[in-house]
Amino acid sequence: MATDASVFKHGVVGNENHGHAACCNTGGPGYATPLEAMSGPREALIYVTCVYTGTGREKPDYLATVDIDPSSPTYSKVIHRLPVPYLGDELHHSGGALTVGNIFLNKSSLFRSGRIYVIDTKTNSKAPSLHKVVEPEDIVQKTGLAYPHTSHCLASGDLLVSCLGDKDGNAAGNGFLLLDSEFNVKGRWEKPGHSPLFGYDFWYQPQHKTMISSSWGAPAAFTKGFNLQHVSDGLYGRHLHVYSWPGGELKQTLDLGSTGLLPLEIRFLHDPSKDTGFVGCALTSNMVRFFQTQDGSWSHEIAISVKPLKVQNWILPEMPGLITDFLISLDDRFLYFVNWLHGDVRQYNIEDPKNPVLRGQVWVGGLIQKGSPIVAEGEDGKTWQFDVPEIQGNQLRGGPQMIQLSLDGKRLYVTNSLFSTWDRQFYPDLLEKGSHMLQIDVDTEKGGLKINPNFFVDFATEPDGPSLAHEMRYPGGDCTSDIWI
């Protein structure tokens, strides 16, 4: 979660002729199918958005390049840092634009600044450079949009970016920004009068001529931290918005009700012929499956439910898991999600999407780990806490927040910062000590998760002081950004 944006401009991952719609131009590896992508080369680098905004350190946010090649002498180390030219951005999410590299959406404007940074990762993947800045004034003047969040590259060469509100942080001003292949503002994507109630994430499935977006809340509310009263006041979302693709007409709004509060990350299955997907509802901690019905409309049902824990010594008597991120393996066999507050990462087999089966679970932080003043209480009144291992002598901080999966599905990378104001509210130690990044080994045959003890990236030791690590991207595409047509 967050909202300054970054776009990676790299060598093209695919193109329309190959059946892969995540990237815009020809060239690059180009995988014809999600299954073919799984046999691609092992990842060697990963880019991580790192934040100083909100920490009290007057330094620009930056993009960290992390070496994840186990044969390299700098394995599990930050090997390059690209600072952005402004203070106060809060770099957040990113996506691919294959002519240059990757795009970074600044949560700053989204949350603080609203800039979009285009980063060249093609010229030197180990040392990316700034290619272009799309300024918030240009976006606001031409579209009225602010707080950019999720970006997806289109087969046409354009880039589509969800925006969470207007420049004043009102949700009513949200919608979808369209940039051309040179990252110039073209306008809004959706038809006039067809903006969603709230904005956040989106995913499209071209074979079904459908795009579906999710709902976080009004930037004026969530940028100040979480206030439960704001949910009752109607400042947070609980809807999915179904659009015609590529027409931009709002065809249907799905009300997820009281069990679907704060629907955040949304994913269709990778198989472009499938008409089903999932959305993680953070506050109610339900994984909701959406699907097309026989009459062509869309419906939904709860597929996985994480029960809140009765707790002592916390701000509320019950603690939700808070599902803040999830992803689906490229073969559509496994779904992974995090519970940021409880502290666990889960793996589910979703070969039958209607009936997910828990196959792996590991605790890598959370508010209820041993040593915390917060304890969970069972039905019998006994209290307990989770065992969380140390990695290379380091106590794990915060909770699992963003995840990224290797193309072959065997390695899961995890960071722990959500958004600086929410970090300060729920995990204040993160702002003092900084984030870390972990790698979890995945059993793709029987299922199962195990922390890799040889991998630990400690952002507490950064040259300009501890930083907050958020989203992760590979140089050439991944299962959270690439869409096949």
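Contact, as used in these legends, means heavy atoms within 4.5 Å. The structure is a predicted model, in which local features need pLDDT of at least 70 and side-chain atom pairs count only at pLDDT 80 or more, while totals for chains, interfaces and linings use all residues. Residues are numbered from 1 along each chain as its sequence is written, and side-chain values use heavy atoms, with hydrogens and water left out.

View A. D423 lies in helix α6, residues 420-426; helices (H or I, at least four residues) and strands (E, at least two) are DSSP runs, numbered from the N terminus. The relative accessible area of D423 is 0%, so this residue is classed as buried (buried means under 20%, exposed over 50% and partly exposed in between, with a 1.4 Å probe and protein chains only). Apart from neighbours within four places in sequence, D423 is in contact with W340, S417, L418, P428, L430, L431 and L468.

**View B. The largest nonpolar core and Y236.** A nonpolar core is a set of buried Ala, Val, Leu, Ile, Met, Phe, Trp, Tyr and Cys residues joined through side-chain atoms within 4.5 Å. The largest one comprises 63 residues, and those with the most contacts inside it are W216, Y236, Y336, L341, I368, L412 and W422. Another core, of 24 residues, lies apart from it, with V242, Y243, W245 and F268 among its members. In soluble globular proteins, nonpolar side chains tend to be buried together. When neighbours within four places in sequence are set aside, the contacts of Y236 include F198, W216, L262 and W422.

**View C. N349 in strand β25.** N349 belongs to strand β25, residues 344-349. With a relative accessible area of 13%, N349 is buried. The side chains of N349 and E351 are joined by a polar contact of 2.8 Å (a pair of N or O atoms within 3.5 Å; within protein, one must be able to donate a hydrogen and the other to accept it, and residues adjacent in sequence count only if both atoms are side-chain atoms). Beyond four places in sequence, N349 touches R333, F334, N355, P356, V357 and R359.

**View D. L269 in a loop between two strands.** L269 is found in the loop between β17 (263-268) and β18 (276-281). Its relative accessible area is 5%, and L269 is therefore buried. Not counting residues up to four places away in sequence, L269 touches Q205, K274, T276, G277, F278, I328, D332, I350 and P353. The C-alpha atoms of L269 and D69, 200 residues apart along the chain, are separated by 28 Å.
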